[in-house]
Structures are given as C-alpha cells and as structure tokens.
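Hello,

Please find the structure below, handed over for your use. Some notes on what was found in it follow.

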Amino acid sequence: MADFAVEAEAGELGFDAGRLARIDRYFRPYVDDGRLPGWLISVSRAGRIVHLSTYGHRDVSSGRPVETDTLWRWYSMTKPVTSIAAMMLFEEGVLQLTDPVEKFIPSFADLRVFAAGSDLKQETVPVTEPMTVWHLLTHTSGLTYGFHRAHPVDAILRARGFEWGQPEGYTLADACDAWSRIPLLFQPGAEWNYSLSTDVLGRVVEVASGQSLDTFFRTRIFEPLGMDDTGFHVSGDGADRLATLYVRGPDGALAPTGAPAGSLVRPPSYLSGGGGLIGPAADYHRLTQMLLGRGASGGARLLGSRTVDHMTRNQLPGGADLAHFGRRLFSETVFDGTGFGLGFSVVTDPVALRNIASAGEYGWGGAASTAFWVDPAEDITVSFFTQLLPSSTYPIRAHLRTLVQQALVD
C-alpha cells in the first residue's frame with residue numbers, strides 16, 4: 001500500500017475539483033468556532049485517494065495539529081473488524097451463522113427475556129429460540145447497551161458497571177458471563193437494537209479460533225492488510241500521536257473527557273470487539289479497500305467475494321429498514337431507507353433516506369463522531385475522523401455524504 005496521500009487528480013476519477021473543495025470549506029468552521037477539535041477526511045475512488053485533508057488539532061491545549069498519522073479511538077468502527085473475523089471463521093467451517101451462541105459461551109444457555117417490571121424487579125420469560133451468531137452480527141440478539149437509558153435492562157447494565165465500559169479487571173469472558181445473567185430486551189430476532197452483540201461476537205471468535213481477539217486481529221487481518229499501527233492499545237510514540245477525546249462542556253466549549261490516555265499504553269484485560277481499537281486513518285483506509293475489493297486488497301484476500309456481498313446485503317426480515325424494525329438510537333439518527341447487514345448499515349432506499357446515496361452503500365460510525373462508508377456502485381470509500389462524544393452531537397455523516405456525492409460529475 002502506498003503512503004497515505006492523494007494519488008489522483010479529481011478529474012481523473014470523475015470528480016469536479018471545485019466541488020470537492022467544498023468538503024473542507026464546510027468543515028473548517030466546525031474547528032474555527034470550537035465545535036470540533038480537528039478532523040481528517042479521506043475520499044477514494046477506484047482504489048486511489050482523490051481527497052485527503054486535515055484541519056485543527058489532535059490536542060487543543062497543546063496546539064498539536066491533526067496529522068495523517070494521528071491515532072484515533074475507533075470505538076464502534078471496530079465492529080466491522082470483528083464481523084469480518086467471524087465471517088473468516090464462517091468460511092472455514094469453524095462456525096455457522098445458525099450456531100447458537102451457547103455452543104461457544106455455555107453461560108448463554110437458558111437466557112431470559114424481560115417481560116414486565118423495573119430495573120429493580122423484573123418479570124421474565126424464557127427465550128423461544130436460542131440466540132445465534134447471526135443474531136449477534138445483525139444486532140437482533142435482544143442485548144443492549146447501558147448508555148442507551150431507554151429501558152429497565154439498560155439500567156440493570158449500568159448498575160452492574162456496564163455503561164461506557166466494564167468493571168475494572170474484567171476480561172471479555174467475565175463480561176459475557178455477567179451479561180448472560182441479565183434479561184434480554186426482546187426475543188432474539190424480534191427487533192433490532194444497537195448493543196453489546198459485537199462484543200459477544202468477539203468472544204465467539206476467541207473460542208472458535210482458539211486465539212485471543214488481539215492475536216486473531218493482528219495475525220489474520222492487520223498483518224495481511226498492512227494495518228501495522230492498529231491495536232487495542234498504543235505503543236512506541238503512539239501516546240503522543242493519540243488524539244485527545246472531547247465532549248461539549250456545560251458552557252458549550254470543548255472539554256477533554258478526562259479519560260486517561262496513559263491507560264491506553266498498556267494491553268487491556270478486556271478486548272472489546274465492539275469498540276476497543278485505536279489506529280490511524282490510513283489503516284482504516286486499508287480495511288475499506290479490502291471491502292471495496294470484495295475481500296481482497298494489496299495481494300491479500302481475507303474473504304471470498306460472495307461473502308462480502310452477503311455481509312453487505314440488508315438482512316432484516318422482509319427487507320425492513322431500521323426505522324421500522326429497529327429501536328432508535330438517538331433522536332437525531334436517521335434510519336429511514338437504511339437496513340442492516342452482517343456488521344454494517346446498508347442503504348436500501350436513497351429516496352427514503354432523503355439524501356444523495358447509492359443503494360447498497362454500507363458503513364458505520366463510532367461514538368467519537370467518526371464514520372466511514374463504502375459505495376460499490378460509485379467505487380468510492382469515505383472516512384471521517386475526529387474525537388468528540390457523542391456521535392449524535394452534529395449531523396456530520398449526512399452532510400459529508402452530500403458533499404462527496406455532489407462532487408461527482410461523470
């Protein structure tokens with residue numbers, strides 16, 4: 001893979017250079033008026049980078065700028081990596097999408113579902129069908145997140161130390177066993193709810209492969225793709241290159257979260273397949289090129305082409321979209337015309353989405369306002385990196401999609 005830099009003129013790849021420049025003009029004020037600390041944006045077509053820009057700071061107080069090698073917390077942009085890992089094992093016959101989760105995590109036998117009551121006292125019923133690997137990949141497992149604050153089960157998770165993390169010293173195996181003792185929101189397969197499903201899937205990958213998640217990622221995904229700077233912690237000069245994580249303070253100004261960057265220089269006891277990876281934009285670009293290449297990039301093939309095709313089709317029952325089958329994450333989240341595949345959101349109806357997009361475009365974002373997508377119809381990949389919690393603060397993803405699409409003129 002070449003150095004992370006622009007590789008083609010706009011006109012060579014069907015873009016209008018003046019229109020492409022609108023991307024930076026639009027997002028610079030986000031930094032200038034203090035809405036974002038800084039950002040990195042990349043756009044590629046046909047495997048060649050046509051737009052790469054940085055602006056602002058990776059750390060505001062010190063004035064250190066965003067650079068192309070800045071390290072970012074990927075948070076939920078980790079989920080596609082875990083989904084890819086699971087599907088690699090699926091291709092090898094090590095697991096099936098129909099396998100019950102309890103085959104790999106015995107504590108997931110005899111799960112219960114919340115039926116009535118409160119977080120302090122619940123009425124529950126048994127599951128009517130086992131939770132499967134497919135349920136984990138599609139977020140139809142009935143699991144949830146403590147930070148949703150929308151249901152008594154969310155409150156149970158928070159009370160047991162699972163809101164934005166887990167109790168100190170927990171391993172992934174410990175956490176999965178704890179979650180198995182908490183009621184599900186709904187019967188597996190009945191609804192879509194963004195959840196800890198991919199963390200549980202990470203544990204399935206560990207058990208099925210006989211390797212820790214970090215080892216599987218490194219040897220089976222990162223090394224073949226040349227993603228040499230990505231992992232569950234930073235090393236070497238990584239602490240200096242790591243972008244500071246921000247929230248908006250009570251006065252509206254950016255405020256560091258207080259999350260100790262020093263804790264990220266040590267390998268964690270808990271390997272989160274749902275949100276634990278840290279890496280540069282260049283490494284995520286390598287991942288998107290593999291996806292755009294239907295499983296192959298730079299001489300390495302991770303997945304068969306038909307497997308990637310299957311992962312990026314809407315898997316929701318009856319072709320439903322998330323607006324009708326899913327529980328809404330945030331009031332600002334637009335799910336009309338968007339389904340869900342095996343680890344990715346998938347645009348099913350651009351008209352219902354109310355934006356310029358291609359049917360079949362797929363991607364996801366992270367809690368710190370990062371995002372990526374792959375558009376097979378236009379042969380495009382896009383990524384946006386910043387570090388602001390939560391991702392619903394600004395409609396960055398919708399606006400970026402418009403700005404990229406309007407620049408196409410071929």
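**What was found**

Asp110 lies in the loop that runs between α3 (79-91) and β5 (112-117). Please keep in mind that this is a predicted model. Although Asp110 is not a glycine, its phi is positive, at about 60°. Asp110 has a relative accessible area of 73% and is therefore exposed, the cut-off being over 50%.

Ser369 is another residue other than glycine with a positive phi, in this case near 75°. Its loop is the one between β14 (362-365) and β15 (371-375). Is Ser369 buried or exposed? With a relative accessible area of 4%, Ser369 is buried.

Two further backbone details can be listed here:

- The peptide bond between Leu389 and Pro390 is cis, with omega about -10°; Pro390 sits in the loop between β16 and α14.

**The chain as a whole**

The chain has 14 helices and 16 strands. Its radius of gyration is 20 Å, close to the 22 Å given by the globule rule for 410 residues, so the chain is as compact as a globular protein of that length. The C-alpha trace spans about 60 × 45 × 40 Å along its principal axes.

Of the 410 residues, 55% count as buried. The accessible surface of the chain is about 16,000 Å², and carbon and sulfur atoms account for 50% of that surface. If contacts between residues at least 6 apart in sequence are taken, 68% of them join residues at least 24 apart. There are 34 positive and 45 negative charges in the chain, and the mean positions of the two sets are 2 Å apart.

**Two helices with a buried side**

Helix α2 covers residues 22-32, and its buried residues are Ile23, Asp24, Phe27, Tyr30 and Val31. Seen down the axis of α2, these residues fall within an arc of 110°, so they line one face of the helix. Which elements cover them? The cover includes α1 (17-20), β1 (38-45), β2 (48-59), β16 (380-385) and α14.

Helix α6 covers residues 172-179, with Leu172, Ala175, Cys176, Ala178 and Trp179 as its buried residues. They take up an arc of only 160° around the axis, which puts them on the same side of α6. Among the elements that cover them are α5 (152-159) and α7 (197-209).

**Helix α14**

Helix α14, already named as part of the cover of α2, spans residues 396-406 and contains Gln405. Gln405 has a relative accessibility of 10%, which is under the 20% limit, so it counts as buried. Neighbours within four places in sequence aside, Gln405 is in contact with Ile356, Ala357, Ser358, Glu361 and Asp375.

Thr402 is also in helix α14. At 30% relative accessibility, Thr402 counts as partly exposed. With neighbours within four places again left aside, Thr402 is in contact with Asn355 and Ile356. How far apart are the C-alpha atoms of Thr402 and Phe90? The separation is 36 Å, for two residues that are 312 residues apart along the chain.

Regards

Definitions and conventions. Residues are numbered from 1 along each chain as its sequence is written. This is a predicted model: local features need pLDDT of at least 70, side-chain atom pairs count only at pLDDT 80 or more; totals for chains, interfaces and linings use all residues. Side-chain values use heavy atoms; hydrogens and water are left out. Helices (H or I, at least four residues) and strands (E, at least two) are DSSP runs, numbered from the N terminus. The radius of gyration is taken over C-alpha atoms; the globule rule is 2.2 Å times the number of residues to the power 0.38. Buried means under 20% relative accessible area, exposed over 50%, partly exposed in between (1.4 Å probe, protein chains only). Contact means heavy atoms within 4.5 Å. Accessible areas come from the Shrake-Rupley method with a 1.4 Å probe; for residues, only the protein chains shown count as cover. Lys and Arg count as positive and Asp and Glu as negative; His and the chain ends are not counted. The place of a charge is taken as NZ of Lys, CZ of Arg, CG of Asp or CD of Glu. The arc is that of the directions from the helix axis to the C-beta atoms.
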